[in-house]
Amino acid sequence: MVRVTVPIPERAYDVVVGHGLLEDAARYLPEFPKADRAFAIVDRGLVDRVFGTLAAGLAEAGLDVVLLPVPSGEEAKTLQVSETLLHQLATQEAHRNDVVVALGGGSTGDLAGFVASTYMRGVPFVQVPTTLLAQVDASVGGKTAVNLPEGKNLVGTFYQPRAVLADVEALATLDERDFRSGLAEVAKYALTLDLALLELLESDPGPVLTRDPAALESLVARCVSAKARTVASDELDAGPRLFLNYGHTLGHALERVEAFAGRTHGEAIAIGMVFAARLAERRGMAAPGLVGRTTRLLSSLGLEVDGPLPAVDEVTAAFRMDKKFRGGVRFVLLRAVGEPVVVDDVADGELRTTMLEMGATA
Ligand code: GLY
């Protein structure tokens, strides 16, 4: 078991990473002496499996557990679902010291965090992420959100959890596509912030790909440590935290064009990282070789590194809905691996040429 502290002043919390944690959840949860109940917002697909183990742990911690199942995946991230949950909290008279617990992937955590942050202006919140993507990224750092038809994550808050329990045992049964999708976020950390992790994955991705529990524990803890450092230095996304958006400018645009029904988030950001590497090489910002290193890494993790891409104009229109759009399209690019920079002056022509080069239709 590894405990990583997210050292945000006044609101520091621990991310506990381990194998079989949920069976002993009471031991790893912080104390909530004023809480009576835990409102567990649970991905419907986990109600018959993982939820029982967590519920026993919450009960052992002295909390009465109320189950609030929600749809799996992005389908849960709507204002309607959050409104239903807020009504459920209100009608069941949840009070401001009661705890909201998210059990599921990134979408469940984003939704539950949004609900926890807005009900009574904020109630205690615990993340129990069950996908690789959520364990290495989404559950840590306090970003909460729901989507609008116009775009992803357009409504949300910054609201830190009180604790995160990342049990890598949950990854053993994860669907292969979801697991690989999480590996795209892992690659993001390796390429931008953790060169030792990059070298480790390059030299032998085997134990991670076969989901060896010790390898997963170490992998998740490494990514969480990188994220914890970044978030502590820039909680509100105005500086270094932007680096965590590596691959996300094109990734979010693809998700938007494909209306959340095409590539998974990880698949989209994998393409986005290749795109960013190509842009960096094209501008002479990065030495030749970055694209090759990026594609080799992603391919070795089982991720697609090229097309098909939608039409250039569709992607360009989608860039404009990016919530980070400021009259130009903002990219995180690498000068070299481990050296991310935020770039706001990428010209339309560069975007177009790079998209065409990657197989987008004109
Ligand atoms: N997923 C990027 C961030 O939390 O800032």
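**Values set against their cut-offs**

Me: Which residues surround the ligand?

Reply: D137, K143, K227, R241 and L244 surround the ligand. Being near a molecule means having a heavy atom within 4 Å of it. The model is predicted, so local features need pLDDT of at least 70 and side-chain atom pairs need pLDDT 80 or more, while totals for chains, interfaces and linings use all residues. Residues are numbered from 1 along each chain as its sequence is written, and side-chain values use heavy atoms, with hydrogens and water left out.

Me: How many aromatic pairs does a search of the whole structure find?

Reply: The search finds two.

Me: Why is the pair of F275 and F331 called tilted?

Reply: The ring centres of F275 and F331 are 5.9 Å apart and the planes meet at 40°. Rings of Phe, Tyr and Trp (its six-membered ring) pair if their centres lie within 6.5 Å; planes under 30 degrees apart count as stacked, over 60 as edge-to-face and the rest as tilted. The angle falls in the remaining class, so the pair is tilted. It links distant parts of the chain, with F275 in helix α11 (residues 265–282) and F331 in strand β10 (residues 331–334), 56 residues apart. Helices (H or I, at least four residues) and strands (E, at least two) are DSSP runs, numbered from the N terminus.

Me: Why does F275 count as buried?

Reply: Buried means under 20% relative accessible area, exposed over 50%, and partly exposed in between (1.4 Å probe, protein chains only). F275 has 0% relative accessibility, so F275 is buried. F331, at 3%, is buried as well.

Me: What makes the pair of F319 and F331 edge-to-face?

Reply: The planes of F319 and F331 stand at 75°, with 5.8 Å centre to centre, and that angle is over the edge-to-face limit. F319 sits in helix α13 (residues 312–320), 12 residues from F331 in β10. F319 is buried too. Together F275, F319 and F331 make one aromatic cluster.

Me: How do you know that R211 lies over the face of F179?

Reply: R211 is 4.2 Å from the ring centre of F179. A charge sits over a ring if NZ of Lys or CZ of Arg is within 6 Å of the ring centre and within 35 degrees of the ring normal. K188 lies over the face of Y189 as well, at 4.8 Å from the ring centre.

Me: Why is R256 called buried, and why is R278 called partly exposed?

Reply: R256, in helix α10 (residues 248–257), has a relative accessible area of 15%, so R256 falls under the buried limit. R278, in helix α11, has 26%, so R278 falls in between the two limits. A polar side-chain atom of R256 lies 2.4 Å from the backbone oxygen of A318.

Me: What makes β2 and β9 paired strands?

Reply: Two strands pair if DSSP finds at least two bridges between them. Strand β2 (residues 13–18) and β9 run parallel and are joined by five bridges, with V16 partnered by L165. Strand β6 (residues 125–129) pairs with β9 in the parallel sense over two bridges, and Q127 stands opposite V164.

Me: How many residues of β9 are buried?

Reply: Five of the five residues of β9 (residues 163–167) are buried. A163, L165 and D167 point one way, and V164 and A166 the other.

How values were computed. A polar contact is a pair of N or O atoms within 3.5 Å; within protein, one must be able to donate a hydrogen and the other to accept it, and residues adjacent in sequence count only if both atoms are side-chain atoms.
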